[in-house]
Amino acid sequence: MYDEIIKLIENAGESVDFAPFGEGISEEWIEKAEKRLKNKFPETYKWWLRNYNGGEVYGEEIYSIYGIDFDSVIGGDIVYINELSRKNDKEFLNKIVISEPNDSIFYFDISNGLVNGEYPIYEYYTKEKYANSFLEFLKRRILED
């Protein structure tokens, strides 16, 4: 499953702007972010963070960990975005927002906990399930042009 997504990213050209494979964020930063948000991340998302850490698909950011103190970071850092979302709307307490392209909000539904190491991903406004895992989410985002 990882080999397929690596090839898809490599073949996407300028449509995908991630760090080079293997230049992701450290496990220490992932653990700090999980602790700060009081939730574990799904396994495939952690794999992506460790290997790519962040970037954009068709110019739309997928939230990552910036590796900057969480009390001073702003922008598309997953901790910053989710602390802000939870502060502004209690409905986000059972969600981890991962991307906000165009007029959409994609989030991990954490309300039922991790199932086989993953959270399903939903689109906020339609309430429709978008993907069963982060890798499925990435694949759909890359293939949807």
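Me: Leaving aside neighbours within four places in sequence, with which residues is Arg141 in contact?

Reply: Contact means heavy atoms within 4.5 Å. With those neighbours left aside, Arg141 is in contact with Val57, Tyr58, Glu60, Pro101, Phe106 and Tyr130. The model is predicted: local features need pLDDT of at least 70 and side-chain atom pairs pLDDT 80 or more, whereas totals for chains, interfaces and linings use all residues. Residues are numbered from 1 along each chain as its sequence is written, and side-chain values use heavy atoms, with hydrogens and water left out.

Me: Where is the place of Arg141, and is the residue buried or exposed?

Reply: Helices (H or I, at least four residues) and strands (E, at least two) are DSSP runs numbered from the N terminus. Arg141 has its place in helix H5. For accessibility, buried means under 20% relative accessible area, exposed over 50%, and partly exposed in between (1.4 Å probe, protein chains only). At a relative accessible area of 14%, Arg141 is therefore buried.

Me: Which side chain does a polar contact join to that of Arg141?

Reply: A polar contact is a pair of N or O atoms within 3.5 Å; within protein, one must be able to donate a hydrogen and the other to accept it, and residues adjacent in sequence count only if both atoms are side-chain atoms. The side chains of Arg141 and Glu144 are joined by such a contact of 3.4 Å.

Me: How many helices and strands are there in the protein chain, and what pattern does the chain follow?

Reply: The protein chain has five helices and seven strands. Along the sequence the pattern reads α-β-α-α-β-β-α-β-β-β-β-α. The C-alpha trace spans about 40 × 35 × 30 Å along its principal axes. Of the 145 residues in the protein chain, 49% are buried. Among contacts with a separation of 6 or more, 51% involve residues 24 or more positions apart.

Me: Which residues have the most contacts inside the largest nonpolar core?

Reply: In soluble globular proteins, nonpolar side chains tend to be buried together. A nonpolar core is a set of buried Ala, Val, Leu, Ile, Met, Phe, Trp, Tyr and Cys residues joined through side-chain atoms within 4.5 Å. The largest one here has 47 residues, and Phe41, Trp48, Ile65 and Phe134 have the most contacts inside it. Helix H5 (residues 134–143) gives the largest share of this core, five residues. Beyond its neighbours within four places in sequence, Trp48 is in contact with Phe18, Asn53, Gly54, Gly55, Ile62, Tyr63, Ser64, Phe134 and Leu138.

Me: How many aromatic pairs does the count come to?

Reply: A pair of aromatic rings is described by the distance of the centres and the angle of the planes. Rings of Phe, Tyr and Trp (its six-membered ring) pair if their centres lie within 6.5 Å; planes under 30 degrees apart count as stacked, over 60 as edge-to-face and the rest as tilted. By this rule, the count is 22 aromatic pairs. Tyr45 and Phe108 have ring centres 5.4 Å apart and planes at 75°, so they form an edge-to-face pair. Tyr45 lies in helix H3 (residues 43–51) and Phe108 in strand E5 (residues 106–109), so the pair ties together parts that are 63 residues apart in sequence. Tyr45 is buried, at a relative accessible area of 0%, and Phe108 is buried, also at 0%.

Me: What kind of aromatic pair do Phe92 and Tyr124 form?

Reply: The pair of Phe92 and Tyr124 is stacked, with 5.0 Å centre to centre and 20° between the planes. Phe92 is in the loop between helix H4 (78–88) and strand E4 (95–99), and Tyr124 is in the loop between strand E6 (121–123) and strand E7 (129–131), 32 residues apart. Phe92 counts as buried at 8% relative accessibility, and Tyr124 is buried at 11%.

Me: Over which ring does the charged end of Lys127 sit?

Reply: A charge sits over a ring if NZ of Lys or CZ of Arg is within 6 Å of the ring centre and within 35 degrees of the ring normal. The charged end of Lys127 sits over the ring of Tyr124, 4.2 Å from its centre. Lys32 lies over the face of Trp29, at 4.2 Å from the ring centre.

Me: What phi does Asn53 have?

Reply: Most residues other than glycine have a negative phi. Asn53, although not a glycine, has a positive phi of about 65°. Asn53 is in the loop between H3 and strand E2 (55–57) and is buried, with a relative accessible area of 15%. Asn116 has a positive phi near 55°, lies in the loop between E5 and E6 and is exposed, at 79% relative accessible area.
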